[in-house]
Amino acid sequence: MTAIDAASLTPCTNCGAVSSDYCTRCGERQPGHHDLSVGHFAHEVVHEFVHLDSKLFRTLRDIVIKPGFLTEEYFAGRKSRYIAPLRLFLTLFALQFLAFTFYRPAAVYTIATMKKFDKSGALTRLIDRRAAKLRLTADEMEQRIDERWHKNYSLLQLMNIAGVAVVLKALYRRRYFAEHLVFAAHFLAFSYMVTLVIDWPIFALAGFQPGPLQKAVSATTICIQLVYLFIAQRRFYSSGRAKTAIKTVLLAGGRWALVAVLMGGSLVTAMMMVR
């Protein structure tokens, strides 16, 4: 290293290592006059949008048309090309949850909707008794329960991934638990995409309520998810067709039982927490 090169080295503003224009340890670009130009700002904006758009398009495309492929890519070390599994899962869950909560005709996660499916009226009587005890109107009680329920259910979503991963671990014992976690995140992300693309537009127009339409849409969604789950397992876990078919049914059953427990548990907890 020449005396001129040594003189040009300075401590990195990010990690403190010796660096020049770019830090050799963390890769941080050191500040300079170029940061103050409008042209540099415009370049950074364009770069970020193009990079995000490319990664987003590639991730959504491959998770739809190549079941199990993103999980393979993740453990093959090709992570930077795609949106991280947990971020993808949380983003799609948030979009799905908002779509099926705040647009009333298609709302699923509300007490008013749950009452439609409660033919015995047990839920209505329970809420009425609770409202009378707290000296609230039925509408006030439902609003408070909804707010608490939404918060509880959102906070429990990581248990959704963990629960599916536990079922996968029981089905594929020789694989690492981390593999099951990533597979579960990708599968659940796809399931949210399906409900957003297929279910929500229909329910937004026709309304979400008991009846033949709701059953037909739900059956279609379930069939798509079963086929996807079968293909994804075949690709990633490399099992035979018969074994994979059986495991698909078991996994799907475990997943839907988990959803029922999380939804029911978060709802009951919400009702108990209302004061």
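Is glutamate 73 buried or exposed? In this predicted model, glutamate 73 turns out to be buried, with a relative accessible area of 5%. That value falls under the 20% cut-off, so the residue counts as buried. Put together, Glu73, Arg78 and Arg81 are linked in a network of salt bridges. As for the background, side chains of opposite charge can pair when their charged atoms come close.

The structure holds 6 salt bridges. Another one of them joins glutamate 72 to arginine 235, with the closest N and O atoms 3.8 Å apart. This pair links distant parts of the chain, since its two members are 163 residues apart. Glutamate 72 belongs to helix H3, which covers residues 69–75, while arginine 235 belongs to helix H10, which runs over residues 212–237. On the accessibility side, glutamate 72 comes out at 29% and counts as partly exposed. Arginine 235 comes out at 33% and also counts as partly exposed. Both values lie between the 20% and 50% cut-offs, which is why neither residue is called buried or exposed.

Away from the charged pairs, there is a nonpolar patch to look at on the surface. Leu86, Leu90 and Leu158 make up this patch, and together they have about 260 Å² of accessible area. One of its members, leucine 86, lies in helix H4, which spans residues 85–102. With a relative accessibility of 42%, leucine 86 counts as partly exposed.

What does asparagine 152 touch, leaving aside residues up to four places away in sequence? The contacts are with Ser266, Thr269, Ala270 and Met273.

Technical notes:
Residues numbered from 1 in each chain as written. Predicted model: local features only at pLDDT ≥ 70, side-chain atom pairs only at ≥ 80, totals over all residues. Heavy atoms only, no water. Patch = residues over 30% accessible without salt bridge, like charges linked within 9 Å, V, L, I, M, F, W, Y side chains within 5 Å. Areas by Shrake-Rupley, 256 points an atom, 1.4 Å probe, with all protein chains shown as cover. Salt bridge = Lys/Arg side-chain N within 4 Å of Asp/Glu carboxyl O. Helix = DSSP H or I, 4+ residues; strand = E, 2+ residues; numbered from the N terminus. Buried < 20%, exposed > 50% of the residue type's maximum accessible area, 1.4 Å probe, protein only. Contact = heavy atoms within 4.5 Å.
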